[in-house]
Amino acid sequence: MLKLYNAPHSTCSQKVRICLHEKGLPFEDIKLDLGKAKDQLKPEYLALNPNGVVPTLVDDGEVIVDSSVICEYIDEKYPNPKLSPDSIAQRAKMRAWMRYLEEVPTVAVRVPSFNMGFLPRFAGLDDEGFRKEQSDVRPIRKHFYRRMTQSGFKRADVEAALEQIDSTCARMEKALENGPWLLGGQYTIADIVVTPSIDRMNDLGYSTIWSVKYPRMTAWYARMQARPAFQKAFYKGTRMSETFQLSPAIKD
Ligand SMILES: N[C@@H](CCC(=O)N[C@@H](CS)C(=O)NCC(=O)O)C(=O)O
């Protein structure tokens with residue numbers, strides 16, 4: 001039995017859940033509390049994933065970390081239905097999308113997500129308390145948290161993040177000239193890995209970024225939402241708006 005250590009509203013976990021559901025693979029769903037309990041930083045979890053983040057897949061004793069790597073692992077090990085192209089050149093293009101999506105929108109969505117929903121986790125902490133309890137305990141996110149601080153990201157950071165989401169959508173719009181999916185006719189992991197970032201922006205109230213300017217991208221998102229795997233991955237309780245009190249992204 002596959003085991004997935006994940007969190008309902010984590011975008012990186014959502015990618016892997018879509019992938020598993022596309023394959024119709026049953027898995028043990030081990031939910032971590034990333035907030036108050038900080039399950040991702042407990043020694044038993046760090047022994048599996050030293051990065052202290054979700055998701056982690058355990059398959060027959062093999063521990064696989066990093067959501068994009070996990071998606072490719074699942075696709076190679078369980079190739080039915082295939083979620084990557086047969087052609088080497090097309091596979092390289094899929095991976096180029098994956099790297100771009102990790103570097104740009106995946107990082108950008110964290111900014112409004114934290115400012116709008118997660119900051120109450122840091123309520124009452126002064127600089128020292130924030131470092132001790134929040135930033136410095138995270139193996140790969142210490143400096144991300146320190147830059148954010150307990151008060152959240154500044155206006156310029158939020159504006160830069162929104163611009164990055166817009167440029168992601170523009171790039172998708174261009175690619176979608178050639179087909180219903182990012183790589184043309186075939187639905188691939190590239191479509192899967194960007195979906196949670198778009199869904200998060202939708203949930204945070206930013207859908208006009210694409211709905212006004214990018215009709216092909218808007219239609220692509222509707223196609224994604226209609227997939228049974230999407231609906232299973234985004235079960236009730238996976239949206240931030242369902243579990244967090246959302247406040248404006250810009251604080252000043
Ligand atoms: N590159 C990693 C990043 C995973 C990641 O950042 N996960 C977030 C949730 S989407 C997390 O676990 N955050 C916990 C924290 O900030 O302590 C992946 O794609 O798996």
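Modeller: Ala, Val, Leu, Ile, Met, Phe, Trp, Tyr, Cys and Pro count as nonpolar here, Asp, Glu, Lys and Arg as charged, and the others, Gly among them, as polar. The structure is a predicted model.

Biologist: How do the residues of the shell around the ligand divide into nonpolar, polar and charged?

Modeller: By that grouping, five residues of the shell are nonpolar, six are polar and three are charged.

Biologist: Which residues come nearest to the ligand?

Modeller: There are 14 residues around the ligand, and Ser10, Cys12, Val53, Val54 and Ser67 come nearest. Two elements, α1 (11–23) and α3 (67–77), each give two or more residues to the shell.

Biologist: Why is Tyr5 called buried?

Modeller: The cut-off for buried is 20 or more other C-beta atoms within 10 Å. Tyr5 has 22 within 10 Å, so Tyr5 is buried. Tyr5 is found in strand β1. Leaving out residues up to four places away in sequence, Tyr5 touches Ile30, Leu32, Tyr45, Leu48, Val54, Pro55 and Thr56. One of these, Val54, is also among the residues that come nearest to the ligand.

Biologist: How much of the protein chain counts as buried?

Modeller: Of the 252 residues, 35% count as buried.

Biologist: How do you know whether the radius of gyration agrees with that of a compact globule?

Modeller: The globule rule is 2.2 Å times the number of residues to the power 0.38. For 252 residues a compact globule would come near 18 Å, and the protein chain has 18 Å, so the value agrees. Along the principal axes, the C-alpha atoms fill a box of roughly 55 × 45 × 30 Å.

Biologist: What share of the contacts with a separation of 6 or more is between residues 24 or more positions apart?

Modeller: The share in the protein chain is 72%.

Biologist: What is the order of the strands in the sheet?

Modeller: The protein chain has 14 helices and four strands. The sheet is open, with the order β2-β1-β3-β4 and mixed pairing.

Biologist: Why are β2 (27–31) and β4 (62–65) said to stand at the edges?

Modeller: β2 and β4 each have a single partner strand, so one side of each is left without a neighbour in the sheet. From one strand to the next, the twist averages 20°.

Biologist: Which strands do α1 and α3 lie across?

Modeller: α1 lies across β1 (2–6), β2 and β3, at about 155° to β1. α3 lies across β3 and β4, at about 135° to β4.

Terms used
Residues numbered from 1 in each chain as written. Predicted model: local features only at pLDDT ≥ 70, side-chain atom pairs only at ≥ 80, totals over all residues. Near = placed C-beta within 6 Å. Buried ≥ 20, exposed ≤ 12 C-beta atoms within 10 Å, placed from the backbone. Contact = placed C-beta atoms within 7 Å. Pairing = 2+ DSSP bridges. Axes fitted to C-alpha atoms, helices over the stretch in contact; angles between N-to-C directions.
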